[in-house]
Structures are given as structure tokens and as C-alpha cells.
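Have a look at the model first, then read on.

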Amino acid sequence: MATTHPTPDPTPVSDTRWLVRALVARVQLYVFLALVAAFFALPMAWLVLSPFDSQPSLVAGLSHPTLGNFQDMFRNPAVITSLLNSVLLALGTMLVVVAAAALAAYALSRARVPGRNIILYVLLLFSSVVTGSAAMVPIFLLAYDLHLINTITGVILVLAGGLLPAAIFILKDFMDSTPASYEESARVFGAGPFQILRDIVVPLVRPGLAVIAVWTIVTVWGSFLTPFILLRDPTLTPASVQIYSFYSAGGTANLRLISTFGLLYTIPVVVMYLVVQNRYGFRFYGGLKR
Amino acid sequence: MPPGTPGGTVSAAGLSRRWALGFLTPAMLLIGVFLAFPAVWTLYLGLTNFRLLGPQALHTKFIGAGNYQQALTGGDFLHSLYITVIYVLLSAVIGQCVLGFALAWVFRSWRGPLRRVLESLIIVAWIVPGSVVAFLWLAYLQGNIGPLTETGTLNTILGGIGVNWWLQWPMLSIVVFNIWRGTAFSMLLFGAAIQAIPPSYIETARVAGASSWQLLRDIVIPRSRGHILTNLLLISLWTFNDFTPYLLTGGGPGNQTQFLPVYIYQQAFDQGALGYGAAISTLVLLINLVIALAYMQILKERR
Amino acid sequence: MASITVSHLTKVFPNGVRALQDVDLEIRDGEFFALLGPSGCGKTTLLRTLAGLEVPAAGQVRIGDRDVTRLPPGARRVAMVFQDYALYPHMDVVDNIAYPLKIQRVARVERRQRAAETGANLGLQGMMDRRPAQLSGGQQQRVALARAVASHPQVFLFDEPLSNLDARLRMEARTFLKRLHAEVRTTTVYVTHDQAEALALADRMAVMEGGRIRQVGSPVDVFHRPANLFVASFIGGTPMNLLDAVVEADGVRVGADLLPLPPSARGLVAVGDRVVLGARPEYAELHHQPVAGGLSARIAIIEHLGTAYLVDLESPAGPLQVVVPEDEPPTAGVAVWVTAHAARSLLYRRDTGELIGTGAPAARPAAAVPAAGADGSE
């Protein structure tokens, strides 16, 4: 082996240079973070401040603090109706998706269905390629022919169809990592597949079901295009479309209404995020959120 | 195998093929009817001159490649395609990806409350419903050209600059908007990818004197290639098909921000030309498919 | 000069754990220094603080004559080898070894050549083009070593580098490391939880527990004169026998028996002092007849060690062990008497756990009994 001699010590000057470099890097970092914080926070400032301002302008600020806007908002029938519609859509779709996805994921996870992996990946590819915009024409026509235009049911079914592939994919993952021994012992006791699913599997994959449920609700809550296309009746429109009509109609926009309605409409989703964040930590395992 | 089980092969958990197919039915039915069928139907519709109202509704003619011809030679479609690609490249491929990665890198070993607050800000920008966000940005970038238009927050902060961003710089505005909107996803995905790198890899390099740039170039990015590509694929497709620009600019001014989703909507529903709209939709579907396959190919090669 | 000086080093983790508590240490230039202790004792934290991967809450680290406490890792000119080697799977062997040189902006051709040379010196010739995944565990370890050597550091830092190897390979790698150090003579700090490894490799070592250093010394010092009960029980292939005892006028009483006072404690204890007598199983003898100064016991279990027997005994003073040469096979259940080689026995204070005396016989007063010969001349 050849001997190796460490190169001679650097002079003390370069040590200070290291410290200076570290300091400069720190400062750069803080500047960057400050800019990022401002970039992300500023546009939302309006939403947080204007609902509490009796004379809001387009600029975010609190010129005349008040809580009266909320009262006025609730006097607007369209607001309540549309929010209820949003709830209806979200919960309805959630139920359909969770039920159908649980069944399908269980089947794909436990049974030797031929070509199941291919089915899954094709479906997944499909659902990201065939997103609302590209299929809006035939969906419209399909709903028209099935007499589902202008019905909440129609919207629920269409949305569910779009969300199912991803939901099945995620749930199947959960189920794969749950050992089959519980189910096997139940089988030996004579339980049928439905019983096993209901009494054993579902309780075990509850976290996965919760994830799917939350994700579906949040996605449907904010979904715009499908209800926009499929619903003509103003008493059926959900909040996402309603608020758009408030600010896209001609004339001066009612900023008090828009800001208050917008805030109220936004809060459930943000609350859900915070709850999920605290209980599960919002980390990724496969990464599908729209 | 337990006796008396009809339906053939039974898997370990006792789910016979019959039961399995039965369980699959509801989901497959929904997907088939509301996802697969429309995609296929688009193909057929694109070959007709179908309209919802008027003579064509009653006597739909099969015009073969007529719609496609119109699309590819007319100029509108190609313009829309062109600006959509630019939009995706600038806001997603460059914007969201780079910013998301930068943030994931900066946050990687940070635990404190400050990080959680910042992270939450970024994620909230992503989950606030689209129609609300659209208005927020309309208000934010509002300028005061002329005596009647109000000024938005940004211009006020910048000290009374009277630029009406949406009118004068629509493409820039919408690109910045989309970066703001979607960075959270990239940040979270890359965060997971960076966490997956064993700490000793990075620490060995740091002890050898590597700067952050060298770390990124030599270790982090090569190890994250798969994640980067997956991320790019997803955000490209999402941005490509995003309908929010309709809420922001309606395609305007003129057709400066008339991205493909907006174009399809306007052709099919405002103009009523459903057949033509279907043809464009098919083209968009095909382009999506090409993008997805291209990414997968690159992914396979890089392995 | 690449000595290392650590003064008053304290490290507290965000969850409140005090990983290092006011640690002082001197490591000499060119020394192979081991940090030994059970998991959680702070040895890895100390190593990482030397590397700059942890920032101390208080205290100072000097390498050579530079205060490096606030310097980032890259500025300290140290090289670290991790337990999992951290070989980059997307680079081949020569690029892995050359990586530190790449950081130092050495030109490509030159650094690959130097890497190839270093690799060849460590027996890696012919594997330069391979990926780490294609190498055996022992080869991977040598690549990690080569990478550390190639960077010409002032100090090598090793974090349990042999733990991932199986037993046979570990012995070979151990000898390899010792030879490498003899050649290269770079100051090395080596963390391990395996005391046999530390004793075999180190010039000097520190035994740590609970964030503190419990003893610093050469392997011989630590083995023969553990400074406290913790070190005494930690060091040694077979644990040292530690028996409660009370000092009496002419010896120490262990249980019902009177044993001779170890010469190293002479003059340093008073009658009635509560102590602990320490004697290694290897330095004890079994007698089948009663013996003066012996401890009565009964053989419980016999373990065959190959060239000897490890005998577990029950006595009124507690359980103890004796190693017996193979030509005297013991029988279970038999009553015996155990004597410990007095000169190699040690006495500890029961309350503090500290060693009484230096472990060597006190500086001889003029008329002292001549030392049994073995102490101090190992």
C-alpha cells in the first residue's frame, strides 16, 4: 500500500471564508423563504379579510370591520341552496365511491382475477388521460340520452366514474398490506364473502377508507366543470358554480357577498385538510390528489 | 379447499371467482359507462357533424375526417394547442416542478412550526376550491386602466403601478397563477423522494465537502429520477386538461389564453358544434396518451 | 498536526435527550482511538459532532490547531465511513472512490487515475468498472475505505463500519484496518459497540455511558484496570465477577468467607468499608479441597468453550463464573472452593462504583510486600 500524507493545513483565512459563506447562505435562505411566504399568502389575504369588511374593495384590507356580512349572505337563498347542493354532491359521491371501490379493491386484492395488474394500470392511465375537459362532450351527450341532465344523480355518477380508478388503486394497496389470515379464519368458521368483507376487512382498512372518503369529498366539493356542464337549473347548482355566477355576471360584483360566500365555501375543505394533517400527517404514498 | 364451494377456484380468503367478479361489477359498471364509454363515443362523434339543435341534430351526417381536417387546417385549433403546450411547459414542467423541488429541498431537515406554517400555506393554495381561487387572482391582479376599474392588491403593494395584468400580460398572469396553484403537489412528492434517500449518502458527500449544488447534481437528482418523471407526467396532464383558465380569462383577451379545454368548451357548448367539439376532444385524448406513453418510455429507459 | 481536542462538549436533542454531557477528550495525532459503549451512550453523537453533522449546544472541538466547532463538515478535512458504506449505486467503483476529488474540483482524468491507484492499493483492482451492487460485502467495505483514503483527510471517522459483515469477514476486515492504519498513520476515531473489536484495534479508547466518558486509556489499561463498575462489567469476553464485600482487618469478607485484600487497594481502605470485589473468570481457580482465602461455592452449569470450560457457580455471595482449563473437566453439583489471583483482583467502592487505587499496587513503601510481579508490567 502506498502511504498517503494529508495535504498541509489550510491557512486560517479560508476558515473565515467558510463561515462567511455559511452566513451568506443563511441570509439567502431567509430571503427566499420570505418571498415564498409573501407569494403564497398575498392572494389569499383578500379571502381572509374582506368578509369582515363592510365596504370591501378589490384590495385586501379591513377598512370597516364588521360581522354583518354573514347575516346578509344567509339572506340570499341561492347561497344556502348551493351549499346544500355541494354537501349533497360530496356526500353522495363519497358513498358511491367508497362502496364501489371497497368491493372492487377487495376483489382485486384477494381473488386471482386474471390480468388484474394490467386492468389497474390501464384504468389509472385512463382516468388521468380522460379528465373532464377532454370527455366533456360525450359525457354531456351521454347524460342527455340517459335523462341524467339536470340531475344531482347524474353528476354523482359521472364524478364517481372519474374518481373510481384512483380510489381502487389506493384501497387495493391498503388491502394488500393487510394479512389475509383474519379472513381465512373467518372462512373456516363458515362466514360468507359479504360477511367477511363487512365484519373483518372493512374495520381493518378503515384508515384507507377514510383517506378515500376525505379525498373524494374534497375533490367533489371543488369540482366545477361537470356540474357546470350537466346542471342547468339554478336551484341545483353547487357552490362552486354558484360563486362563479356571482362574479361572472355582468355589472358590478357584490364583493361582500362573494368574499363571505367564498370564505364559507372554502372553510370546510381547509378544516378537513387540517384535521387530516394532524391525525395522519399529510404525506405521500402514491400521490393522487386533484 | 372447503367443500361445497360453487364457482370454481377459491383464493386464500375464500373469494371465489364468481364472487370476485360480482364485487367488481359496480365499480366496473360505473367506470365503463361514465369513463370508458364516453371516451370511445368521442371517437365516433368526432366523425360526424352532430349539433344539439338545428338541422344537424335531426339529420346527423357522417362526415368522416371533415372535422379533423377543419381542426388541423383551420388555425384556431393549432393556435390553441400551441399556447397550451407553452402553458404546460412554463407553469408545470418548469415552474411547479422547480419551485416544488426547491421547497422540498429547503424543508428537508426542518422541523419547526415555521416550516409547518409555510407548508400549510402552500398546500392551502392547492386545496382552496377552483372557483374561489380564480376570483382571488382576478382581484389580486386587477389593474386600474381607465377611471372605472378598481386596483387590486398587487398593484397597490407595488406602489400604484397601473398595469392591468390580466389584460396586458394574460399569459404571464395565468402561468404565475398556475405555479401558485399547483406547486404543493410537487413539493410533497419530491419531499417523499428526498426522504427516501439514506441520510448516509448525503452525509458522506457533505463530509467530503460537497456544496448543496453538488449534492443535488450528483446524488439527489440521480436518485430521484423516477419520481421526477412521474411528477412531471401527472402535473403535465393535469395542467393540460385544467379548466380553470376559463374561469380566469374565458380564453381572452381575444384568444391569447384560449387553451384547449377552453377551446373545446366554447366550440361545443357556446357554438353548439358538438361533432367538431368531439373531434377536438379526441385529438386532445390522443395527445394526452402520447404524452403519457412518452414519459413511460423515458422512465423505462432511465431505469 | 491532526490531533483532536474536545472540551466541555454538550449536545441536547430537540426531544430533550442529553446525548453528550460535558465531554472532554484528547486524541493524539496518528492515534487509532476507539469510542466504545452500549447503544445510546453517545459515541455516535460524539463522532458526528467531530464530523460537523451535529452542532453542539456547548463546548469546543479543535482539529489540529483549528477551532472547527462552527465549521461545516466540508471545511474540516475529515472523511467519514458509515455503517452502510453509502456507496452510490448509480456510480461505478472508480467514480465512487473519486467522488471526494470531484468535490475538490480535480480534473476528471487525474481523479480517476488517483482513485484507481487508491483502489488498487486496497486490493480492488479489476473491479473499477463495476457497480457497488455487484460487489461482495467485504469489497464494498474496501471501496468505502478507499473513498475515505482518496480524499486525503486529516482524520478518519468510522461509524461501526464492520457491523454489516458476517463474523468471519469481520475478523479479516479488522486485520485489514489495522494494517491500513499502520501504513497510513492518519488519526482515526472509531465507534463500536463491540468491545473485543475496540480492544483489538485501538491504541487508546474511551468507554462511554449515558453521554459521559467513563474511562480513557489503552486497551490494556481498560481491560486490566477498569476505572469503575460500569467499565468492569462492560469489558471482557466473559463478564468480570463482581461480588459485594466488606473490608476486615486481614482481608475482605465475601459472604461467609474471608478473601485476601488485593494489593492494589492496600492502605486505601478502612475496616468496615463496603466494597465490591472484582475478579475475572480467567484469573480464578477452582479447588476441590477447602482452601484458605477461598470462596465456597457449588457448580451449577458448565459451558464448553473449546479449549476451556466456563463454569457457573452458586455461592452465598451470589453467582459467579470461573474459566477452567480443559484438562480439568468439572462436574456439576460438586462443592468447590474458588480463589482469585490476588494481584489481578480489584476493589471498588460500593457507593460510587469507583476503583480503589490505581489498580497497580500503591507506590511501594520501603517495607512493603513485594508485588506479585504481574501488575504494572503487562
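A salt bridge here is a side-chain nitrogen of Lys or Arg within 4 Å of a carboxyl oxygen of Asp or Glu. By that rule, B:Asp218 pairs up with C:Lys102, with 3.0 Å between the closest N and O atoms. Chain C and chain B have 2 salt bridges between them in total.

Some housekeeping: this is a predicted model, where local features need pLDDT of at least 70, side-chain atom pairs count only at pLDDT 80 or more, and totals for chains, interfaces and linings use all residues. Residues are numbered from 1 along each chain as its sequence is written, chains are lettered from A in the order in which they are written, and side-chain values use heavy atoms, with hydrogens and water left out.

| Item | Value |
|---|---|
| Residues in the contact (heavy atoms within 4.5 Å) | 23 from chain C, 17 from chain B |
| Buried area (accessible area, 1.4 Å probe, lost by the two parts on being put together, summed over both) | about 1,700 Å² |
| Share of that area on carbon and sulfur atoms | 59% |
| Residue pairs in polar contact, both at pLDDT 80 or more | 7 |

A polar contact is a pair of N or O atoms within 3.5 Å; within protein, one must be able to donate a hydrogen and the other to accept it, and residues adjacent in sequence count only if both atoms are side-chain atoms.

Which parts of chain C touch chain B? Helix H1 (43-51), strand S6 (78-81) and helix H2 (93-103) of chain C each supply at least two residues to that side. Helices (H or I, at least four residues) and strands (E, at least two) are DSSP runs, numbered from the N terminus. H2(C) gives the most, with 4 residues.

**Over to chain A**

Chain A has 12 helices and 0 strands. Of its 290 residues, 50% are buried, meaning under 20% relative accessible area (1.4 Å probe, protein chains only). Among contacts between residues at least 6 apart in sequence in chain A, 72% join residues at least 24 apart.

Now zoom in on helix H7 (residues 181-188) of chain A, where A:Glu183, A:Ala186 and A:Arg187 are buried. Down the axis of H7(A), its buried residues fall within an arc of 105° (taken from the directions from the helix axis to the C-beta atoms), so they line one face of the helix. Those buried residues of H7(A) pack against helix H3 (77-110) and helix H8 (193-204) of chain A. Just after H7(A), A:Gly190 takes a positive phi of about 95°.
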